[in-house]
Structures are given as C-alpha cells and as structure tokens.
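Colleague: Please show me the model first. After that I will ask what the terms rest on.

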Amino acid sequence: MENKKCLFVGFKGMKNSSCVLVSELLKESPLREDGGLKNFCLLTNSFEGVKKDIEAIDGNYDFVIMFGCDKSLKDCVRLECFAEKDEVKCETRLDVKLLSETLSRDGVENIISETPAQYLCNEAYWYALQKFEGKAVFVHIPTLKNIDEIFISKMKELKNYGILDGTFKSSR
C-alpha cells in the first residue's frame with residue numbers, strides 16, 4: 001500500500017485539548033524526520049493567525065486531520081463535513097463515514113455534523129479545505145476537563161487503521 005502523508009493540526013495553548021491530543025498522538029508515531037515531527041502543526045488562536053498559519057503550511061500532504069475543542073462535548077467527538085465562510089460552503093472530500101466507523105470500532109463515540117460550526121474552528125477548517133482541495137477533516141473533541149487517558153488511548157488506537165502512519169483510505 002502506498003504510504004500517504006497526513007498532517008495533524010491542533011490549536012496552540014497549554015490548556016487546549018486539541019494541542020494536548022495532537023502532541024500525544026505523535027509521541028508514538030513513526031512520522032519523524034531528522035528527529036523532528038514532520039506531520040504536526042499548531043495554529044494560532046485568532047482569526048488572522050489561522051489564515052496566516054494555514055497559508056504557510058507546505059501543501060504537500062495527501063490529507064489533513066484537524067482537531068479543535070468544543071465545550072459542549074462530553075463523551076464523544078464530532079466529525080465536521082462542511083465549513084462555511086462568506087456564504088461559500090466547502091465540503092470535505094475525505095471519507096467521514098469510514099472515519100466514524102473506525103472511531104466507533106475503537107470505542108470512541110462520535111457524531112457526524114453537516115452543519116458548519118460558527119467560530120474559529122470553522123474559519124481554520126474553511127481555509128484548510130481551500131488549501132488542500134477538500135482533503136481535510138475537522139474533528140471536534142471535548143475540552144481537557146472532559147478527556148482523560150482512556151480517551152487519548154482510544155484515539156491513539158487509530159494507528160491500527162493507518163490514520164497515524166498515513167495509510168488510511170482517505171478519499172470517498
């Protein structure tokens with residue numbers, strides 16, 4: 001199987017669950033180059049910052065998995081199908097249903113949303129969908145107070161399905 005390159009994206013901040021999760025996912029990942037993590041990016045927590053950060057990413061990835069936190073989530077994650085900006089709606093080209101099934105198999109409760117979020121995560125997702133021609137998916141996760149080591153362990157299990165090593169069948 002051809003090895004695909006995946007970029008994992010979270011938001012900067014010690015108290016941000018997306019930053020913690022992306023860091024934990026990559027600790028055991030074989031995706032290393034010259035001692036550094038090559039498939040890891042943390043975005044600035046501002047509207048102007050996310051645009052600049054995403055524009056600065058090398059576009060040479062087969063797909064992008066973005067994480068952001070949602071304080072309304074407690075026991076599940078939400079997979080976003082769309083982002084919308086200035087009345088322009090963009091859809092992911094990645095197989096969200098397959099990702100949902102994979103998460104469910106590993107005991108991660110999840111829902112698929114077809115309603116764009118309305119804040120910074122939507123903005124970042126919209127720019128990523130534009131830059132990577134739809135080859136991105138946004139996963140909302142609970143805040144730090146609602147995740148634990150068990151949740152992180154379940155998310156790490158995604159490597160068994162090729163998500164962490166980039167061999168995930170990503171397109172629909």
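Modeller: Two strands pair if DSSP finds at least two bridges between them, where strands are DSSP runs of E (at least two residues) and helices are runs of H or I (at least four), numbered from the N terminus. This is a predicted model: local features need pLDDT of at least 70, side-chain atom pairs count only at pLDDT 80 or more, and totals for chains, interfaces and linings use all residues. Residues are numbered from 1 along each chain as its sequence is written, and side-chain values use heavy atoms, without hydrogens and water.

Colleague: How many bridges join strand β6 to β10, and which way do they run?

Modeller: Three bridges join β6 (residues 77-80) to β10, and the definition asks for at least two, so they pair. The two run antiparallel, and L79 stands opposite V139.

Colleague: What joins β5 to β10?

Modeller: Six bridges join β5 (residues 63-69) to β10, and these strands run parallel. C69 stands opposite I141.

Colleague: Why is β10 called largely enclosed?

Modeller: Buried means under 20% relative accessible area (exposed is over 50%, partly exposed in between; 1.4 Å probe, protein chains only). Six of the six residues of β10 (residues 136-141) are buried, so the rest of the structure largely encloses this strand. A136, F138 and H140 point one way, and V137, V139 and I141 the other.

Colleague: What makes the rings of Y125 and F138 a pair, and why tilted?

Modeller: Rings of Phe, Tyr and Trp (its six-membered ring) pair if their centres lie within 6.5 Å; planes under 30 degrees apart are stacked, over 60 edge-to-face, the rest tilted. Here the centres are 5.7 Å apart and the planes at 50°, so the pair is tilted. Y125 lies in helix α4 and F138 in β10, so the pair ties together parts 13 residues apart in sequence.
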